[in-house]
Amino acid sequence: MPASLSEALSPAGMPLSVPFPPALNTIFYGPPGTGKTRQALHILREHFTDHQEKESEAQRLERLVHPVIWRDVICAALHELGDSATVPHLRSHPLIDAKYRCTEGKLTHARLWNNLQIHSPTDSKTVHLAHKYPPILFDKLNDGASTWTLLPGWEDEAPGAMELLDKLGQEPLASGHEEKRYACVTFHQSYSYEEFVEGIRPVFADEDTDEDAEYALRDGLFKRICAQAREHPDKKYALLIDEINRGNISKIFGELISLIESSKREGAEDAMNVTLPYSGEDFSVPGTLYLMGPMNPADRSLALMDTALRRRFSFERIDPDPSVLEGMFIEGINLERLLRVLNERIEVLYDKEHAIGHAYFLCVRNVDDLAEVFSKKIIPLLEEYFFDDWEKIRLVLGDNQKMQGMDELCLLVEEDCGVRLFGEEAGGTLPPRRSLNKDALLNARAYIAIYDPAEAGR
């Protein structure tokens with residue numbers, strides 16, 4: 001098995017050459033702040049990205065048409081065809097073909113046909129559609145061949161088409177082109193099978209209109225990247241599923257939960273496929289598609305994950321690595337020792353799943369930065385972990401060990417305000433009110449006292 005991902009950092013915390021995923025299906029898990037997602041992204045950039053000297057003509061066309069709305073692309077293509085063409089002729093134009101490749105999913109009614117009709121004149125003799133919308137750009141000739149033509153003045157109504165035509169003739173192939181062979185998604189409670197695999201979803205005729213939607217069968221992210229991997233069997237593809245434990249796995253994967261097993265992939269000895277419920281297609285998962293899922297057990301325990309999912313994934317643990325901070329001193333504060341002591345205390349008082357990751361300290365350059373990390377990240381995290389049990393938080397921060405006369409180094413301060421607020425009878429039994437000591441947060445000795453009170457007192 002390759003070296004652990006946590007070993008893929010230099011002493012300064014910079015990424016080195018990262019190992020290839022240890023299995024087809026891998027979950028990277030560990031406490032927050034260990035850089036799981038960041039390191040997974042380094043894997044994607046190093047092992048699932050092709051670096052080309054120049055992009056291909058097909059890639060150039062996709063890049064040019066991707067930000068252009070459908071009707072403007074149609075205008076540009078029709079103009080190149082002499083301002084008129086049949087739908088099959090128009091469909092085969094390189095600009096239209098590139099725009100289709102940029103369009104996610106399948107449509108029950110082609111975007112091309114819809115746009116031609118809805119942007120035709122309301123008094124057209126050949127296009128009988130109840131709802132039409134400006135701008136008026138196209139009309140169909142009554143020539144028996146269903147030829148569509150551009151209407152006069154279309155240039156003013158479709159500025160995107162004119163800009164596209166200019167770029168088409170002047171913009172060369174881009175150099176230093178990167179082709180990504182991966183996709184990323186974040187799971188959450190509302191994420192569904194229809195978004196991940198396939199489903200019936202609303203589709204608008206053009207992206208920037210308020211026109212009535214039609215409902216169409218659209219491929220989800222997983223199905224699309226499977227199709228890409230199948231088209232290029234000589235290359236490896238990857239899907240990064242961030243927060244994989246936050247989604248309803250059974251609901252999202254559905255019948256595909258069996259297909260992601262390495263033994264059930266295309267070309268494997270026990271390869272299998274299923275019939276998808278919406279499209280009725282036979283579907284299987286390519287053996288060259290890697291699935292990676294970073295997750296925080298502190299958010300949701302591994303024990304609560306779908307059992308079927310756990311059986312089909314390998315697990316790579318990434319723990320906090322204080323050695324990443326070796327040699328990092330901020331005004332006398334040894335960041336490596338600081339992190340080690342904090343996590344040793346948390347492990348005893350809670351467990352190792354709720355440790356603090358080294359990533360919190362990688363960008364610290366001075367005491368002000370450290371105060372920001374403690375006040376806005378670490379202490380709020382401890383409050384969440386210990387359910388506002390301030391005594392345990394004081395133990396983690398070492399405030400209980402700061403010797404007499406070192407009160408100014410305590411990160412938490414107490415105020416006995418019960419009597420003042422509620423009187424002697426009621427207020428005498430109330431716990432003190434605790435708050436952050438802003439002066440201590442900006443005092444380097446306060447952090448040294450966390451791991452070495454004697455040194456801080458000298």
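Me: What is the relative accessible area of Asp-83?

Reply: Asp-83 is a partly exposed residue, a label between buried (under 20% relative accessible area) and exposed (over 50%), worked out with a 1.4 Å probe and protein chains only. You're looking at a predicted model, where local features need pLDDT of at least 70 and side-chain atom pairs count only at pLDDT 80 or more, while totals for chains, interfaces and linings use all residues. Residues are numbered from 1 along each chain as its sequence is written, and side-chain values use heavy atoms, with hydrogens and water left out. For Asp-83, the relative accessible area is 28%.

Me: Where is Asp-83, and what is its phi?

Reply: Asp-83 is in the loop between α3 (70-80) and β3 (84-86). Those names come from DSSP runs numbered from the N terminus: helices are H or I with at least four residues, strands are E with at least two. Most residues other than glycine have a negative phi. Asp-83 isn't a glycine, yet its phi is positive, at about 75°.

Me: What is omega for the peptide bond that joins Pro-134 and Pro-135?

Reply: Most peptide bonds are trans. Pro-135 lies in the loop between α6 and β4 (138-140). The bond joining Pro-134 and Pro-135 is cis, with omega at about 0°.

Me: How many aromatic pairs are there?

Reply: Rings of Phe, Tyr and Trp (its six-membered ring) pair if their centres lie within 6.5 Å; planes under 30 degrees apart count as stacked, over 60 as edge-to-face and the rest as tilted. By this rule, the number of aromatic pairs is 19.

Me: How are the rings of Phe-20 and Tyr-290 arranged, and how many residues apart are they in sequence?

Reply: Their centres are 5.0 Å apart and their planes are at 85°, so this is an edge-to-face pair.

Me: What kind of aromatic pair do Tyr-350 and Phe-386 form?

Reply: The centres of Tyr-350 and Phe-386 are 5.8 Å apart, with 50° between the planes. Tyr-350 is in the loop between α13 (335-349) and α14 (367-385), and Phe-386 is in the loop between α14 and α15 (390-397), 36 residues apart. Tyr-350 counts as partly exposed because its relative accessibility is 32%, and Phe-386 counts as buried at 5%. The pair is tilted.

Me: How many residues of β13 are buried?

Reply: Both faces of the strand are covered. On one side are Leu-289, Leu-291, Gly-293 and Met-295, and on the other Tyr-290, Met-292 and Pro-294. The buried count for β13 is seven of seven.

Me: Which residue of β13 is the bridge partner of Thr-26?

Reply: Two strands pair if DSSP finds at least two bridges between them. Four bridges join strand β10 (residues 237-242) to β13, and the two run parallel; in β13, Tyr-237 has Leu-289 as its bridge partner. Five bridges join β1 to β13, also parallel. For Thr-26, the partner in β13 is Met-292.

Me: How many residues of helix α6 are buried?

Reply: Helix α6 covers residues 111-118 and is mostly covered. Its buried residues include Arg-111, Asn-114 and Ile-118.

Me: What separates the C-alpha atoms of Glu-326 and Glu-336?

Reply: Glu-326 is in the loop between β14 (314-317) and β15 (329-330), and it counts as exposed at 53% relative accessibility. Glu-326 and Glu-336 are 10 residues apart along the chain, and their C-alpha atoms are separated by 5.6 Å.
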